Amino acid sequence: MNDNHFKFSPSVLILPLFSVLLIWTVFWVEIRFHFDFGEWGIHPRTLEGLRGVFFSPFIHGNIEHLYNNSIPLLILVAALRFFYREHSLKILGLGILFSGLLTWIIGRESYHIGASGLIYVLVSFIFFKGMMTKYYRLVALSLLVVVVYGSLVWYVFPNVEEGISWEGHLAGLITGFVFAVSFKTPEYKKMIKYDWEKPDFNPEEDKFLQRFDANGNFVNLPKEEPVEEFESYFTSNFPILYEIMEKKENNKKANDFSISPDRADSSLRNVVED
């Protein structure tokens, strides 16, 4: 493959900036007009709580909560858009949906709010997908994500910190892994350069590998015996047809044979008698 798939476009900046601006706008509206959007979060296993699947990523409890989610969201959405352009919008939309539904199923009896579930979807997808492609740029991105956000894995366990939705984090982690397995990226598949990389390669038929025995020692191949080929003494452009003649009483021998060139005049036929 080549790096032509990595193309910078304005959407690499516009999409993450819009996402962060949106959650800050929602928080400003809540503070400015004294709304309480907390009840619009995910409330597990209640019909009313299902609306939080769509609204909870845009709702935050305080300025610290909002700030802690803004920077990771800005960086990860930009990375997703640049390296996985074709799947970026699907990852964001379906990530909110499925991580929210899973939180609604496994969450405790409380309101779950914040974009951290989506952040865990992005971290999980970028890490696992990069390792699965085995392409060096995406593997480097996966390792960078681990270095920067690797500590987030502790917050998928219960009772690590009071007041956080570890269920939402776990739901995002699982959703991102499922997306990494489900979404195919054939454009990042390594091009086959050598015969031994092909799936139908048979090492027993390879001339080079035949020079090594079972212990890896170099051996000489047995010499091939020359094959004798029949050489004709004459050539002809006219095919010869053989015809068996009926027995005649006056002939001394049983059979007569005639040889005639194909498509030749009948007057030129020669009869040879033994």
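This dialogue walks through some features of a predicted model.

Student: What span should helix α1 have, and what do its end C-alpha atoms show?

Tutor: A helix has an expected span of 1.5 Å times one less than its number of residues. Helix α1 covers residues 11-32, which is 22 residues, so it should span 32 Å. Its end C-alpha atoms are 30 Å apart, which agrees.

Student: Which residues of α1 are buried?

Tutor: Buried means under 20% relative accessible area. In α1, that group is V12, L15, P16, S19, V20, I23, F27 and E30. Viewed down the axis of α1, the buried residues fall within an arc of 120 degrees, so they line one face of the helix.

Student: What do the buried residues of α1 pack against?

Tutor: They pack against α3 (63-83) and α4 (88-106). On the other side of α1, I14, L21 and W28 are exposed.

Student: What happens just after α1?

Tutor: There, H34 takes a positive phi of about 60 degrees.

Student: Is S124 buried or exposed?

Tutor: S124 is buried, because its relative accessible area is 2%. S124 sits in helix α5, residues 116-133.

Student: Which residues is S124 in contact with, leaving aside neighbours within four places in sequence?

Tutor: S124 is then in contact with G172, L173, G176 and F177.

Note on methods
Residues are numbered from 1 along each chain as its sequence is written. This is a predicted model: local features need pLDDT of at least 70, side-chain atom pairs count only at pLDDT 80 or more; totals for chains, interfaces and linings use all residues. Side-chain values use heavy atoms; hydrogens and water are left out. Helices (H or I, at least four residues) and strands (E, at least two) are DSSP runs, numbered from the N terminus. Buried means under 20% relative accessible area, exposed over 50%, partly exposed in between (1.4 Å probe, protein chains only). The arc is that of the directions from the helix axis to the C-beta atoms. Contact means heavy atoms within 4.5 Å.
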